Amino acid sequence: MQPRNMSMSGAVDLSAVKAAGEAKQKAEQARAAAAERGGADAPVSLVIDVDEAGFEAEVLQRSAEVPVVIDFWAEWCEPCKQLSPVLERLTREYAGRVLLAKIDADKNQMLMQQFGVQGIPAVFAVVAGQALPLFQGAAPEAQIRQTLDQLIQVSEQRFGITGLQGVAEGDGEQAAQEPAAPEDPVLVAAQQALDTGDLNGAVQAYRNVLADDPGNVEARVGLAMAELLGRVQGLDAQQVRKDAADRPGDVDAQLRAADLDMAGGHVEDAFGRLVETVKRTAGDDREAARVRLLDLFEVIGAEDPRVVTARSALARVLF
């Protein structure tokens, strides 16, 4: 799904965790202490795992010197497995201008509630103790890169935060210790096509992978995402929503509105709309709505709780 425009007005209230001013002051103290210990020469890890106990030190305090991007993820989340490697690679490429904090959503429910996370993957940033919602769901690399560029610009212009110093591209404990896994060239080509907006090329490339490996999860998620983006491209959102409201029995209108809901991150709305459409239709119309709902399940991943809930609702209206 496409990232939402980043806005300082969308800041999440983190006062329950720590005030921004205190976080910044502690960060200055931490930097001074590290300098006295000679800590400036210690290896810099640009990708870190964070839990509730370490959130203040690892995220809030560090956010006074570098924008901290937060990736809420879980083992069962298939889109997370597509998004997280991209975030990690870009973080190392940005060489200290951002830090990536990975938070296991299943093990850190308090943080999920404080950030108002409704579904994963969900990506936020913390700058000088203030949290900004960036986007929810898997997104093309080009849009993620654009969002990170905006984050860096806001951090520099409004807070004077320029990132970690002396970090070369590719630095970090994980970059040094983990050899790069070989990548499927067809999947790489598909992702590149998706990133450059060549949706037809991406669809065909993912289909080629699935022709040889029908169970390839990355290809299935990528194909569903590319097809979704292709369907919403060029739509007039206001007109689509008006048509859906005015013509509840028009299946095509409901399908377009559900696609817009999904592309905009309103997952439950998309699922609910299609379940209701299945409920009140029959024949080919019902089948079209059912198939589109299954397509959208692929975008999120079978293990996502929202998919599990929607599958149960679909079963109830079908049987």
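**Helix α11 and its surroundings**

Helix α11, which spans residues 251–263 and has 13 residues, reaches 18 Å from its first C-alpha to its last, close to the 18 Å expected at 1.5 Å a residue, where the expected span is 1.5 Å times one less than the number of residues. Helices here are DSSP runs of H or I with at least four residues, numbered from the N terminus. The model is predicted, so that local features need pLDDT of at least 70 and side-chain atom pairs count only at pLDDT 80 or more, while totals for chains, interfaces and linings use all residues. Residues are numbered from 1 along each chain as its sequence is written, and side-chain values use heavy atoms, with hydrogens and water left out.

At the N-terminal end, α11 is capped by Asp250, a side-chain oxygen of which lies 3.1 Å from the backbone nitrogen of Asp252. The helix is followed by Gly265, whose phi is positive, near 90 degrees.

Of the 13 residues of α11, 11 are buried (under 20% relative accessible area, with a 1.4 Å probe and protein chains only), among them Val251, Gln254, Leu255 and Asp261. The cover over these buried residues includes α9 (217–232), α10 (237–246), α12 (267–280) and α13 (283–300).

Helices α9 and α11 pack at an angle of about 120 degrees, with their axes 9 Å apart. The contact (heavy atoms within 4.5 Å) is made by Leu228, Arg231 and Val232 of α9 and by Asp259, Leu260, Met262 and Ala263 of α11.

Methods. Helix = DSSP H or I, 4+ residues; strand = E, 2+ residues; numbered from the N terminus. Buried < 20%, exposed > 50% of the residue type's maximum accessible area, 1.4 Å probe, protein only. Polar contact = N/O pair within 3.5 Å; in protein donor to acceptor, adjacent residues only side chain to side chain. Axes fitted to C-alpha atoms, helices over the stretch in contact; angles between N-to-C directions.
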